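I wanted to record what I looked up and how each term was set.

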Amino acid sequence: MDLGAVNYLAVVVAAVAAFVFGAAYYGTLGKPWMKAARIDPASTKMSADLFATSFVCELIMAFVLALAINAFGMGSTTLVGGVVTGAVAWLGFMVTTMAVNHRYQGFGWDLTLIDGLHWLGVALVMGAVIGWFGNPPA
(Lines give C-alpha, C1' and ligand atoms only; values in the text may rest on other atoms or scores of the structure.)
Protein backbone atom coordinates (compact mmCIF):
# COMPACT_ATOMS: atom_id res chain seq x y z
CA MET A 1 0.00 0.00 0.00
CA ASP A 2 1.58 3.21 -1.21
CA LEU A 3 0.37 6.15 0.88
CA GLY A 4 2.41 8.42 -1.36
CA ALA A 5 0.10 7.54 -4.24
CA VAL A 6 -2.81 9.29 -2.52
CA ASN A 7 -3.67 12.73 -3.81
CA TYR A 8 -4.57 14.32 -0.47
CA LEU A 9 -6.10 17.42 -2.08
CA ALA A 10 -8.42 15.09 -4.03
CA VAL A 11 -9.38 13.34 -0.80
CA VAL A 12 -10.39 16.62 0.86
CA VAL A 13 -12.28 17.85 -2.22
CA ALA A 14 -14.03 14.48 -2.54
CA ALA A 15 -15.12 14.58 1.10
CA VAL A 16 -16.45 18.14 0.71
CA ALA A 17 -18.28 17.20 -2.51
CA ALA A 18 -19.81 14.14 -0.84
CA PHE A 19 -20.88 16.20 2.18
CA VAL A 20 -22.56 18.77 -0.10
CA PHE A 21 -24.22 15.97 -2.08
CA GLY A 22 -25.56 14.45 1.15
CA ALA A 23 -26.91 17.79 2.34
CA ALA A 24 -28.75 18.32 -0.94
CA TYR A 25 -29.95 14.71 -1.08
CA TYR A 26 -31.38 14.57 2.44
CA GLY A 27 -32.56 18.17 2.15
CA THR A 28 -34.76 16.92 -0.68
CA LEU A 29 -35.71 13.54 0.84
CA GLY A 30 -35.75 14.53 4.52
CA LYS A 31 -39.46 13.91 5.11
CA PRO A 32 -39.61 10.47 3.44
CA TRP A 33 -36.37 9.51 5.19
CA MET A 34 -37.70 10.53 8.61
CA LYS A 35 -40.86 8.54 7.99
CA ALA A 36 -38.88 5.46 6.88
CA ALA A 37 -36.49 5.81 9.84
CA ARG A 38 -39.42 6.31 12.24
CA ILE A 39 -38.08 9.67 13.41
CA ASP A 40 -40.45 12.27 14.82
CA PRO A 41 -39.48 15.56 13.11
CA ALA A 42 -40.49 17.49 16.24
CA SER A 43 -37.93 15.62 18.34
CA THR A 44 -34.95 15.92 16.00
CA LYS A 45 -31.91 17.87 17.10
CA MET A 46 -29.24 18.79 14.61
CA SER A 47 -25.88 19.59 16.14
CA ALA A 48 -22.40 20.52 15.05
CA ASP A 49 -21.22 17.15 16.42
CA LEU A 50 -23.40 15.28 13.90
CA PHE A 51 -22.03 17.29 11.00
CA ALA A 52 -18.44 17.00 12.23
CA THR A 53 -18.78 13.23 12.62
CA SER A 54 -20.26 12.96 9.12
CA PHE A 55 -17.44 14.97 7.60
CA VAL A 56 -14.64 13.13 9.41
CA CYS A 57 -16.13 9.78 8.34
CA GLU A 58 -16.37 11.03 4.75
CA LEU A 59 -12.71 12.10 4.89
CA ILE A 60 -11.76 8.59 6.03
CA MET A 61 -13.98 7.06 3.35
CA ALA A 62 -12.41 9.24 0.63
CA PHE A 63 -8.90 8.33 1.80
CA VAL A 64 -9.61 4.59 1.72
CA LEU A 65 -11.39 4.91 -1.62
CA ALA A 66 -8.33 6.73 -3.02
CA LEU A 67 -6.16 3.81 -1.90
CA ALA A 68 -8.57 1.33 -3.52
CA ILE A 69 -8.79 3.29 -6.79
CA ASN A 70 -5.01 3.38 -7.02
CA ALA A 71 -4.70 -0.33 -6.21
CA PHE A 72 -7.43 -1.42 -8.63
CA GLY A 73 -5.93 0.80 -11.32
CA MET A 74 -2.52 -0.84 -10.88
CA GLY A 75 -1.03 2.43 -9.68
CA SER A 76 -2.94 4.73 -12.01
CA THR A 77 -5.87 6.82 -10.82
CA THR A 78 -8.35 7.74 -13.56
CA LEU A 79 -11.88 9.14 -13.74
CA VAL A 80 -13.36 5.87 -15.04
CA GLY A 81 -11.38 3.85 -12.50
CA GLY A 82 -12.63 6.12 -9.72
CA VAL A 83 -16.28 5.82 -10.67
CA VAL A 84 -16.08 2.06 -11.18
CA THR A 85 -14.22 1.54 -7.90
CA GLY A 86 -16.77 3.72 -6.08
CA ALA A 87 -19.63 1.66 -7.52
CA VAL A 88 -17.94 -1.63 -6.63
CA ALA A 89 -17.22 -0.45 -3.07
CA TRP A 90 -20.86 0.63 -2.71
CA LEU A 91 -22.20 -2.70 -3.98
CA GLY A 92 -19.73 -4.89 -2.09
CA PHE A 93 -19.59 -3.10 1.24
CA MET A 94 -21.91 -0.14 1.74
CA VAL A 95 -25.33 -1.27 0.55
CA THR A 96 -24.89 -4.88 1.65
CA THR A 97 -23.92 -3.89 5.20
CA MET A 98 -26.74 -1.39 5.36
CA ALA A 99 -29.31 -3.90 4.08
CA VAL A 100 -28.33 -6.42 6.74
CA ASN A 101 -28.35 -3.81 9.50
CA HIS A 102 -31.74 -2.45 8.45
CA ARG A 103 -33.27 -5.95 8.40
CA TYR A 104 -32.03 -6.73 11.92
CA GLN A 105 -33.11 -3.29 13.14
CA GLY A 106 -36.62 -3.89 11.81
CA PHE A 107 -36.64 -1.13 9.21
CA GLY A 108 -38.32 -1.46 5.85
CA TRP A 109 -36.79 -1.52 2.41
CA ASP A 110 -37.86 2.09 1.93
CA LEU A 111 -35.16 3.25 4.35
CA THR A 112 -32.59 0.98 2.68
CA LEU A 113 -33.50 2.43 -0.72
CA ILE A 114 -33.24 6.05 0.45
CA ASP A 115 -30.00 5.53 2.37
CA GLY A 116 -28.58 3.17 -0.24
CA LEU A 117 -29.02 5.68 -3.06
CA HIS A 118 -27.40 8.34 -0.88
CA TRP A 119 -24.34 6.19 -0.33
CA LEU A 120 -24.22 5.26 -4.02
CA GLY A 121 -24.16 8.96 -4.83
CA VAL A 122 -21.42 9.54 -2.25
CA ALA A 123 -19.30 6.69 -3.64
CA LEU A 124 -19.72 7.88 -7.23
CA VAL A 125 -19.03 11.53 -6.39
CA MET A 126 -15.95 10.63 -4.36
CA GLY A 127 -14.70 8.22 -7.00
CA ALA A 128 -15.21 10.75 -9.78
CA VAL A 129 -13.40 13.54 -7.90
CA ILE A 130 -10.49 11.34 -6.85
CA GLY A 131 -10.20 9.86 -10.34
CA TRP A 132 -10.43 13.26 -12.03
CA PHE A 133 -7.63 14.64 -9.86
CA GLY A 134 -5.50 11.60 -10.67
CA ASN A 135 -2.28 10.63 -8.97
CA PRO A 136 -0.44 13.27 -6.96
CA PRO A 137 2.22 15.27 -8.77
CA ALA A 138 5.65 13.68 -8.55
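I took helices (H or I, at least four residues) and strands (E, at least two) as DSSP runs, numbered from the N terminus. The model is predicted, so I noted that local features need pLDDT of at least 70 and side-chain atom pairs count only at pLDDT 80 or more, while totals for chains, interfaces and linings use all residues. Residues are numbered from 1 along each chain as its sequence is written, and side-chain values use heavy atoms, with hydrogens and water left out.

Entry 1, helix α1. I checked the span of α1 (residues 8-36), which has 29 residues but whose end C-alpha atoms are only 36 Å apart, short of the 42 Å that a straight helix would reach at 1.5 Å a residue. The expected span is 1.5 Å times one less than the number of residues in the helix. I then looked for a bend, taken as the angle between axes fitted to the seven residues ending at a position and the seven starting there. I found that α1 bends by about 70 degrees at Gly 30, with a proline, Pro 32, following within four residues. Pro 32 counts as partly exposed because its relative accessibility is 38%; the cut-offs are under 20% relative accessible area for buried, over 50% for exposed, and partly exposed in between (1.4 Å probe, protein chains only).

Among the buried residues of α1 are Ala 10, Ala 14, Ala 18, Gly 22, Tyr 25 and Gly 30. The buried residues of this helix pack against α2 and α4 (109-133), where contact means heavy atoms within 4.5 Å. I followed Ala 17, also in α1, which counts as partly exposed because its relative accessibility is 26%. Ala 17 and Val 125 are 108 residues apart in sequence and 6.9 Å apart in space, C-alpha to C-alpha. Leaving aside neighbours within four places in sequence, Ala 17 is in contact with Val 125 and Val 129.

His 118 lies in helix α4 and is buried, because its relative accessible area is 5%. Apart from neighbours within four places in sequence, I listed Phe 21, Gly 22, Tyr 25 and Tyr 26 as its contacts.

Arg 38 lies in the loop between α1 and α2, and its phi is near 55 degrees, a positive value in a residue other than glycine. Most residues other than glycine have a negative phi. I also noted that Arg 38 is exposed, with a relative accessible area of 54%.

The buried residues of α3, including Trp 90, Met 94, Met 98 and His 102, pack against α2 and α4. Gly 106, whose phi is positive, near 80 degrees, follows the helix.

Which helix gives the most to the nonpolar patch? I found that helix α3 (residues 79-104) does, with 3 residues. Phe 72 lies in helix α2 (residues 48-72) and counts as exposed, because its relative accessibility is 56%.
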